[in-house]
Amino acid sequence: MSVHTQAQTYQNYIGGEWRPSASNQVEASINPANRHEVVGYVQKSSAEDLNQAVEAARSAQTAWRKLSGPARGEYLYRLADVLERHLDDIAATMTREMGKTLPEAKGETARGVAILRYYAGEGMRKIGDVIPSTDSEGLMFTSRVPLGVVGVITPWNFPVAIPIWKIAPAIVYGNTVVFKPAQETAVTAAKLMECVDEAGLPPGVVNMVTGAGSVIGQGIVDHPGIAAVTFTGSDQVGKQVGLGALARGAKYQLEMGGKNPVIVAADADLDLAVEATVSGGLRSTGQKCTATSRVIVQSAVYDVFKQKLLERVAALKVGDGLAPDTWMGPCASERQMQTVLGYIQKGLEEGAVLLCGGKRVTAPGLEHGFYVEPTVFENVTPDMTIAREEIFGPVLALIKVDTLQEALQVANDSRFGLSASIFTRDIGNMLAFIRDMDAGMVRINAESAGVELQAPFGGMKQSSSHSREQGQAAIEFFTAIKTVFVKG
Ligand SMILES: NC(=O)c1ccc[n+]([C@@H]2O[C@H](COP(=O)([O-])OP(=O)(O)OC[C@H]3O[C@@H](n4cnc5c(N)ncnc54)[C@H](O)[C@@H]3O)[C@@H](O)[C@H]2O)c1
Ligand SMILES: O=CCCC(=O)C(=O)O
């Protein structure tokens, strides 16, 4: 039985108007806490809808580009204020649509507001440098110019923060946008577009088309009217996006997976390390690209750390993210839950020892949701699948090592390099970790997750296309440099 009497249908947002898809097809976005609850219906769009969105973005480009940076920034301030007014509704929608707890959803939406204000201010900052010319009568300088229409492709795990940390810099630097959210969180995305509309952004500056990744996502990658593509999502799809964009000479930026380690050194504050491992690994049900998944512990403190960790994990309350006492919600979709359960099974088959969890939760009241118990494995070796592949679920793998050197070697034994933490009181250990850990974010005595909007964010190795998002680093992707020489 489906509960969808109240469910609204959300349309594409193109050229400042709400439009149904050309095919008139919609699909249900369901609540992962209760598969029978429909959060809303969203458009299953086609190439025709994408073409309309690109056309709207192209038409809006010249006027938008010609506005001053501060004037564009003013629109972002307005959008921030509107989003702030709708924070509670958008956060509740996010929880119902992808499962993270309401406090986390509120925190993420507030972060979206802060990102908008940060980039609004960016409209006032410098967009070039004066460079001494060898010609004493010449003036040489650089100016940052927009790229044109930017395609924004996003995942479901941060359905407000990630779209905003791409769209805000894109538009403040003078680009216009075609946004394709993950279909799993398209209602939340539509609510974000309602804010764009209410804030009065000129029609066509931000457009949204929902639909399948293979149709709309791939369509953005292949579209000749789109100058650049910024993508966040899985490693597998990201590589396809990069290849497609490269093939037609479009600029691209990929932020992909992680297999983030935490090292617990023999001299660590173990209570702090346990708290950070639980928070970094299991909040948002482990569905953060920065989530801790490998816990590398020195043998001298292994048993004590393990005991404390298991006690803490046993106390976590799993449930509907809207319930005030819930600490961890469901996986975001049935597909994600099956993927996580598949990895747990693989861990068992390959000889890892299950210390707790490992099963779907079907307790009364939760049986219609996609819940997985918080899970901890030990006797994990670096060659096991659960130590190598991104699980994107509430699963921690304990790996015992003797020395810090061995810990670093195991931590670096991954094709990913997004985030990494160490818990230690020793300055030598800290410096060795900062120097030798191959990750875009290295964190000392702090959990692996948690990104600050004013700092560059991105990974090394196969976690990214080696660019950085957020903070002032965003200007590198969303603009091109024009070098100007003037002589009177
Ligand atoms: N590094 C980061 O900043 C970061 C942040 C969040 C999530 N992630 C990663 O995202 C993944 C989880 O998100 P997901 O399951 O939504 O990822 P996904 O790769 O399945 O989908 C991401 C987006 O790409 C679209 N897409 C699918 N096929 C496409 C194609 N052929 N061409 C273009 N677009 C296509 C999807 O519809 C979605 O909008 C995890 O791997 C996680 O690590 C990375
Ligand atoms: O999922 C990727 C983004 C991670 C993030 O924003 C965080 O850790 O806070």
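Mentor: Ala, Val, Leu, Ile, Met, Phe, Trp, Tyr, Cys and Pro count here as nonpolar, Asp, Glu, Lys and Arg as charged, and the others, Gly among them, as polar. Please keep in mind that this is a predicted model.

Trainee: With those classes, how do the residues of the shell around ligand 1 divide?

Mentor: The shell around ligand 1 holds 27 residues, and T154, Q218, S234, M256 and E390 are the closest. Of those names, E390 is a glutamate, and Glu counts as charged, whereas Met, as in M256, counts as nonpolar. Taken over the whole shell, the division is 14 nonpolar, ten polar and three charged.

Trainee: How much of the accessible area of ligand 1 does the protein cover?

Mentor: Ligand 1 sits in the largest pocket, and α7 (213–222), β10 (228–232) and α8 (235–247) each supply at least two residues of its shell. Of the 850 Å² of accessible area that ligand 1 has on its own, the protein covers 90%.

Trainee: What feature does UniProt place at residues 18–484?

Mentor: Over residues 18–484 the chain is 41% helix and 21% strand, with its end C-alpha atoms 41 Å apart. The UniProt entry, which is unreviewed, gives this stretch as "domain: Aldehyde dehydrogenase".

Note on methods: Residues numbered from 1 in each chain as written. Chains lettered and ligands numbered in written order. Predicted model: local features only at pLDDT ≥ 70, side-chain atom pairs only at ≥ 80, totals over all residues. Heavy atoms only, no water. Near = heavy atom within 4 Å. Areas by Shrake-Rupley, 256 points an atom, 1.4 Å probe, with all protein chains shown as cover. 1 Å grid on protein atoms, 1.4 Å probe; cavity = no way out; pocket = protein on both sides within 12 Å on 5 of 7 lines; lining within 4 Å. Sits in = over half its atoms within 2 Å of the grid points. Helix = DSSP H or I, 4+ residues; strand = E, 2+ residues; numbered from the N terminus. UniProt positions renumbered as here; feature names shortened; annotations may be inferred.
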